[in-house]
Amino acid sequence: MEEPLVPLVPMSHTAHIRSHRKPRRNASALAMRAGVAGGVLSTLAVAGASGSANAAEPVTQTLELPTLTADLATQVAQSADATQQAAANYELQAERDAAAAKAAKQAKADLAEAKKKAEAKKKAAAEAARRAAADEAASRSSARTTLSASASTNVSAPAGGSVATVVAFLKAQVGDAYVMGGTGPNAWDCSGLVQAAFKQVGVDLPRVSQDQSTSGTPVSLSNLQVGDILYWGSAGSAYHVGVYIGNGQYLDAANPSKGVVIQDLSGYPATGAVRVL
């Protein structure tokens, strides 16, 4: 039987040198290389799939943009509405402030006009009162002239005539004003009027009521005669005086609200009386 021929493989001219021989790859090394290659291919496949997925992502993001844009538009619209409302509010407030300022100015003008009219009215009233007082004073002056002429015919008359002159003078002053310290001719206090009345017949009385209450002869209130001086308070410290004119009445410069008046003695009884005529 013939032996099979073994093919001859030419050897490298350096094959006989051990260090130049190519090492033979064993099965495990080949398997490892195959695994590495497979892993690389798998990685590339995964990378490719990932790349495809990443390429699709912009589409998803683009689909979400309209929603974001709509929200932003809504916010812008709301902000614009708020700005417009604020502007309207400011404008309304400005109009109100202007109206208030105008009303205040008008009120001030009205007040000034009212004060002007009131002042004019007050001046007119004062002028009318002055004219009325002047007319009344002229009338009283005429009456006093007549009384003086009548009294001059009674200068030498007895005491009765002197009392009549005193009473006539007093009655001519009815309606005059009461003024503290007044001595005439149109304003009196109580003692100033009594002093002036008795001066018409030549009797000089003290100026104040305290001293007049001790002048002359004291008389009882039950024995009064026309012309007696009445006083209120104690003798020497009287605070008011008047003159008895008969029929239970007396005449005095009462107070600022009444002036010179005739009053009933029963309504304000005197404390005492003195007689000087």
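# Salt bridges, cores and strand pairing in a predicted model

In this predicted model, two salt bridges are present.

Q: Which residue forms a salt bridge with arginine 207?
A: Arginine 207 lies in the loop between α3 and α4 (209-212), and its partner in the loop between β2 (187-188) and α3, so the pair ties together parts that are 18 residues apart in sequence. The closest N and O atoms are 3.0 Å apart. The partner is aspartate 189.

Q: Is aspartate 189 buried or exposed?
A: Buried means under 20% relative accessible area. Arginine 207, at 27% relative accessibility, counts as partly exposed. Aspartate 189 has 7% relative accessibility, so aspartate 189 counts as buried.

Q: How many residues apart in sequence are the parts tied together by arginine 275 and aspartate 228?
A: These two residues form a salt bridge, with the closest N and O atoms 2.8 Å apart. Both arginine 275 and aspartate 228 are buried. Arginine 275 lies in strand β8 (residues 272-275) and aspartate 228 in the loop between β3 (217-219) and β4, so the separation of the parts they tie together is 47 residues.

Q: Which element gives the most residues to the largest nonpolar core?
A: The largest nonpolar core has 25 residues, and those with the most contacts inside it include Leu170, Trp188 and Ile229. Elements giving two or more residues to this core are α2 (159-172), α3 (190-199), β4 (229-232), β5 (240-246) and β6 (249-253). With six residues, the element that gives the most is α3.

Q: How many of the ten residues of α3 are buried?
A: The buried residues of α3 include Cys190, Leu193, Val194 and Phe198. Ser191 and Gly192 are also among the buried residues of this helix. α3 is mostly covered, and its buried count is eight.

Q: What is the bridge partner of alanine 253 in β7?
A: β6 pairs with strand β7 (residues 260-264) in the antiparallel sense over five bridges. The hairpin of β6 and β7 has six residues between the strands, and glycine 259 in its turn has a positive phi of about 75°. In β7, the partner of alanine 253 is valine 260.

Q: How many contacts beyond near neighbours in sequence does the model have for residues 49-56?
A: The mean pLDDT of the chain is 77, and 64% of its residues reach 70 or more. Over residues 143-159 the pLDDT stays under 50, and the model has nine contacts beyond four places in sequence for that stretch. Where pLDDT is low, the predicted coordinates should not be read in detail. Residues 49-56 have pLDDT below 50, and their number of contacts beyond near neighbours is zero.

Notes. Residues are numbered from 1 along each chain as its sequence is written. This is a predicted model: local features need pLDDT of at least 70, side-chain atom pairs count only at pLDDT 80 or more; totals for chains, interfaces and linings use all residues. Side-chain values use heavy atoms; hydrogens and water are left out. A nonpolar core is a set of buried Ala, Val, Leu, Ile, Met, Phe, Trp, Tyr and Cys residues joined through side-chain atoms within 4.5 Å. Buried means under 20% relative accessible area, exposed over 50%, partly exposed in between (1.4 Å probe, protein chains only). Helices (H or I, at least four residues) and strands (E, at least two) are DSSP runs, numbered from the N terminus. Two strands pair if DSSP finds at least two bridges between them. A salt bridge is a side-chain nitrogen of Lys or Arg within 4 Å of a carboxyl oxygen of Asp or Glu. pLDDT is the predictor's confidence in each residue, from 0 to 100. Contact means heavy atoms within 4.5 Å.
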